[in-house]
Amino acid sequence: MDLVNISLGTGAAVGLLGYCVVFIGLILLMLVVMALAKYFINKAKKESEAVPVKTAPAAEPTAAPAPKAPGSAGEIKLYDTDPRDAAMIMAIVADTMGKPINELRFKSIKEVKE
């Protein structure tokens, strides 16, 4: 078959076949990725279910608040901020300043929304 001088119909057929091959390859790749994702999610679920969770005994309520850790600087007010995010912010600031976190005092942390 001579592909130098081809008709419009033959060119369209070759182009369509090329697109079909590419899209079939992409669909197969998508199916492989989805299958691997399900496999690893199920594996992670099984591992987390297999690990027994040890619960601490219930603490008795006390009238006095727990003593503060050595070097703590007191209370911090969080405004629209998750405590986990606030802890990360404090750790980043302490690392950037090159000081231990117990030498810094944070009064409040507020999320700025634009």
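Q: Leucine 29: buried or exposed?
A: Leucine 29 counts as exposed because its relative accessibility is 51%. Exposed here means over 50% relative accessible area, buried means under 20%, and partly exposed is in between (1.4 Å probe, protein chains only). Keep in mind that this is a predicted model: local features need pLDDT of at least 70, side-chain atom pairs count only at pLDDT 80 or more, and totals for chains, interfaces and linings use all residues. Residues are numbered from 1 along each chain as its sequence is written, and side-chain values use heavy atoms, with hydrogens and water left out.

Q: Where is leucine 29 placed?
A: Leucine 29 is in helix α1, residues 8-50. Helices (H or I, at least four residues) and strands (E, at least two) are DSSP runs, numbered from the N terminus.

Q: And which residues form the nonpolar patch on the surface?
A: Tyr19, Val22, Phe23, Leu26, Leu29 and Val33 form that patch, and together they have about 640 Å² of accessible area. Areas come from the Shrake-Rupley method with a 1.4 Å probe; for residues, only the protein chains shown count as cover. Like charges are joined within 9 Å, nonpolar side chains (Val, Leu, Ile, Met, Phe, Trp, Tyr) within 5 Å.

Q: OK, zooming out. In what order do the elements run?
A: From the N terminus on, α-β-α-β. Buried residues make up 6% of the 114 residues in the protein chain.

Q: Which residues are in the largest nonpolar core, then?
A: That core has six residues: Ala86, Met90, Ala94, Leu104, Phe106 and Ile109. Its largest share, three residues, comes from helix α2, residues 83-97. A nonpolar core is a set of buried Ala, Val, Leu, Ile, Met, Phe, Trp, Tyr and Cys residues joined through side-chain atoms within 4.5 Å.

Q: What does alanine 86 touch?
A: Leu78, Thr81 and Ile109, not counting residues up to four places away in sequence. Contact means heavy atoms within 4.5 Å.

Q: Why does threonine 81 count as buried?
A: Because its relative accessibility is 16%. Threonine 81 lies in the loop between β1 and α2.

Q: What does its side chain reach at 3.3 Å?
A: The side chain of threonine 81 reaches the backbone nitrogen of glutamate 111. A polar atom of that side chain also lies 3.0 Å from the backbone oxygen of tyrosine 79.

Q: Aspartate 80: buried or exposed?
A: Aspartate 80 counts as exposed because its relative accessibility is 56%. Aspartate 80 has a positive phi of about 55° although it is not a glycine.

Conventions. Patch = residues over 30% accessible without salt bridge, like charges linked within 9 Å, V, L, I, M, F, W, Y side chains within 5 Å. Salt bridge = Lys/Arg side-chain N within 4 Å of Asp/Glu carboxyl O. Polar contact = N/O pair within 3.5 Å; in protein donor to acceptor, adjacent residues only side chain to side chain.
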